[in-house]
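This report goes through selected features of the structure shown below.

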Amino acid sequence: MTSVSLTVNDVPYELELEPRELLVYVLRDRLGLTGTVVGCDTSSCGSCTVLLDGESVKSCTLLGVQADRHAVTTIEGMAEDGVMHELQESFHTHHALQCGYCTSGMVLAAASLLEENPSPSEDEIRHALEGNICRCTGYQNIVDAIAAVAR
Amino acid sequence: MSASSEVEVGRIVGAPIDRKEDQKLLQGQAQWVDNMHVPGTVYLGIVRSPYAHARIASVNVAPALAHAEVVGAWSGADLEDEWAGSLPCAWLPTEDTNAPTHRPVSVDKARHAGDAVAVVAALTRGAAEDAVELVEVEYDPLPAVVDPEAALADGAPLVHDEFGTNECYTWKLEAGDVEQLFADADVTVTERYRQNRLIPNAIEPRSVFVTPIPAAGEYTMWSTTQVPHIARVTLSGVMGIPESKLRVIAPDVGGGFGSKLNVYAEEALALAIARRLGRPVKWTETRSEGYLTTIHGREQIQEIELAASSDGTITAVRVKLTVPMGAYLQLVSPGIPLLGAWIYGGAYDVKGYSFECVGVFTNTTPTDAYRGAGRPEATYAIERAVDALARKVGKDPVDVRRLNFIREFPNTIASGLTIDSGDYDASLQMALEQSGYESVRQEQAERRAAGDPKRLGIGLATYVEMCGLAPSNVLGAIRYGAGGWDAATIRCLPTGTVQVLTGTSPHGQGHETSWSQIVADRLGYDVDEIEVLHGDTAVVPLGMDTYGSRSLAVGGVALYHAAERIVEKATRIAAHMLEADAGQVEHVRGTFHGPEGSVTLKEIALAAWTAHNLPAGVEPGLEATYVYDPPNFSWPGGAHVAVVEVDTETGEVEIVRYVAVDDVGTVINPTIVDGQVQGGLAQGIAQALYEEAVYDDDGNLLTSNMLTYLVPSAAELPRFELHRTETPSPTNPLGVKGVGETGAIASPAAVMNAVVDALAADGVADIDMPATPERVWRALEEVQS
């Protein structure tokens, strides 16, 4: 077991982790933050995307111990005072989700993109989402939802 | 616009209302099966065969049992007394269909890579994974057979020794004098196509969680299923658990596309181990494990012939399919190709029709329903063949289609079913206008003349499909094991809200929103005052679940009828309250008007609940159930146009435009309908250009994970241009038709017709799906050398 201190959605945690525990399972199984989900085992699908110090990472590619002294943001940390983040609201009004399983990862990948590039073109949005697979929507409404928030 | 539809389109029905489902999904509060946990839960790990075909010589679970965190480990033989029946196949198309016993853990042989040979239960997910590695299995490898035609050859390795053959069944449908029509034909077209095997890839992996109450013999199973009701009935038979003691819950389910229209070994295993240990059991597949064990879709060898006159008038269609079932029959494996069996004539008026399908066992993962299930395959074959006919008679493919369209409705087609409505000219016309067909043809010619290495291709698919499964008597006649009805209950609560129970089981389709719109439209409530419950056999005992684009066309119509029953009863109570005759009371969207005054449905619901003063003979409460059995299938149709650019130097195909015109009857929520079409298009385009599950000759799945199987991302897919024509279905009072599969049905044909059209002048007549750069490049090399 290794001692790890990390912040998740502004809440500090001190955890004793097995070195092999993936960050995604630390979030899901230890902290009960089940909004982050697992969709594959090859780091291909992006369902488990979270922000690490503001940048998107696939939480299945990171060990929990690697998050030591870092700040993680999950989908549960996106709304403020019960009001959804503008990306979440835009996904809602653009019908950018169907089953919703990839949605947490999509929203966080989009947040990271807009942080880096506040005015992406459609092509830039599409390429930025290459690591996030959605099987329901065909992506068009996701791209539109993100474009509507871009400046 | 909707003469035969009895709803007022535009106010609530027909409005692009934002979905009610979204808030929890967007904030990470969905109830996925894998989220569930209770103290004492054990996790299953499954030992799977690395061989596609091998005799299981011995299984030694002792080393796994020695693991400190392992609570049990079993071979197939150890579990034999758990099973009261085989894992279910609910569709044996002929009396003599070879149907093997299918055990959740195999005892004698492994018949495909990934077949289960042992199971372990451990206190943690990680320990279960470790313990799987500790089980010792000795295999005697056997030769495997992967190709369905090779499997039918003499001397092929037998997947199931007891049958003495790999043939599962042969099913035929013959109508009209096909032989004569072919003999009399001026022109015939003979084509052979391969449908690529696909992996459905619902983005939520499969998961099951069972909590037993041993003393009561009761089990609750949470499962990532599209079919909680069907799972309950069939698993009761597999497990010998009385149906009344098995509750199945499909909580939030992350996509299905047919892959979760099944009853899986792991569901039975979780129940069996929960029964053995008397404690909660959970299993979640890894994606790579799912690639081996969750059903695959498509894969067919299609031989199609058209008989036609010299002007391109098609007189007869003859089809022969060879279809791998895989190693076992899953829930509806044998029936999947038959869902296309009636529509290989497409939207065309043909006289003669001959269809034959041979189902074949192979040492591969079983095939079963994947979005469109039999109809993308049928549409692909007829639409590709019509283009081949157009080239042969020297006509534009548009003209050949127009020459052959069915125009009279209802129309009993050669294969014997009756299409209730459609207007294929209207969809085609709109698709041509929206795509600028003529100007694209012109640009195509200009590019060719200029020797541009980037060829332009235009592909059409003018389709009709049959969905909304289905009249129960028809399903019985084709030996499907269940009915095709669905049920809805409306309960008007005393506090002014409504509870809707639906037998459909959504997993992304937005039923909570669309069903609320239907009820709001009929009963005058706000959409937000209506709660839609689904996917729990204890809450909604009656249902037939969600697949085959049936939910709206069957379950939604049941809801409409339940609303009418509410109005009937409410009218009697209103008359009593208003001191009028029932005949004098008029209902307008939730308000009941009498000669002197009016009363709202909410007031009536309260009166029915207090029951202080009800008319004689009227039961308290305001609740109605309707079970609707559709009198016909649902018949969406439309026209899709794909414009592609094919780089002759690299073989790369780019979709420049994709125009889809679909006719799905009355639209309840256009936003949701567009979303369904977009998702279907993505999967169909993926079949045409990107996806293929590939086995080597030994039965190893080469595309064994998401790194090697290309599920397209936003970067690969184009922007879709969607349009609609609207021919309401006269079959139901809502005028609705199915919509879930249209995109996946029409798009592979449209895209591949475009790819072939781009290269036809170069001499290319066919390219297998997916049309990867390598395949395109090789096809060009072949014709140039």
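## A buried loop residue

N632(B) sits in the loop between strand 25 (623-628) and strand 26 (637-647) of chain B. Helices (H or I, at least four residues) and strands (E, at least two) are DSSP runs, numbered from the N terminus. The model is predicted: local features need pLDDT of at least 70, side-chain atom pairs count only at pLDDT 80 or more, and totals for chains, interfaces and linings use all residues. Residues are numbered from 1 along each chain as its sequence is written, while chains are lettered from A and ligands numbered from 1 in the order in which they are written.

N632(B) counts as buried because it has 21 C-beta neighbours inside 10 Å. A residue is buried if 20 or more other C-beta atoms lie within 10 Å of its own, exposed if 12 or fewer, and partly exposed in between, with C-beta atoms placed from the backbone. Leaving aside neighbours within four places in sequence, N632(B) is in contact with T418(B), D420(B), P471(B) and T731(B); contact requires C-beta atoms, placed from the backbone, to lie within 7 Å. N632(B) and P471(B) are 161 residues apart along the chain, yet their C-alpha atoms are separated by 5.7 Å.

## The nonpolar core

The largest nonpolar core has 307 residues, and those touching the most other members are L44(B), A118(B), V119(B), V519(B), I604(B), V751(B) and V755(B). Helix 15 (residues 551-578) of chain B gives the most to this core, with 14 residues. Such a core is a set of buried Ala, Val, Leu, Ile, Met, Phe, Trp, Tyr and Cys residues joined through C-beta atoms within 7 Å.

Beyond its neighbours within four places in sequence, V519(B) has contacts that include I490(B), V498(B), L559(B) and A563(B).

## Two packed helices

Helix 17 (residues 670-689) and helix 18 (residues 742-759) of chain B pack at an angle of about 40°, their axes 7 Å apart. That angle makes helix 17 of chain B oblique to helix 18 of chain B. Axes are lines fitted to C-alpha atoms, for helices over the stretch in contact, and angles run from 0 to 180 degrees between N-to-C directions. Angles under 35 degrees count as roughly parallel, over 145 as roughly antiparallel, 65 to 115 as roughly perpendicular and the rest as oblique.

## Where the chains meet

The contact between the chains takes 41 residues from chain B and 43 residues from chain A. On the side of chain B that touches chain A, helix 17 of chain B supplies the largest share, seven residues. By class, this side of chain B has 18 nonpolar, 17 polar and six charged residues. Ala, Val, Leu, Ile, Met, Phe, Trp, Tyr, Cys and Pro count as nonpolar, Asp, Glu, Lys and Arg as charged, and the others, Gly among them, as polar.

## Backbone geometry

Most residues other than glycine have a negative phi, and most peptide bonds are trans. A cis peptide bond joins L469(B) and A470(B), with omega about -15°. A470(B) lies in the loop between strand 18 (454-464) and helix 13 (472-477) of chain B. Another cis peptide bond joins M769(B) and P770(B), with omega about -10°.

Phi of N201(B) is near 60°, a positive value in a residue other than glycine. N201(B) counts as buried, with 26 C-beta neighbours inside 10 Å.

Definitions and conventions:
Contact = placed C-beta atoms within 7 Å.
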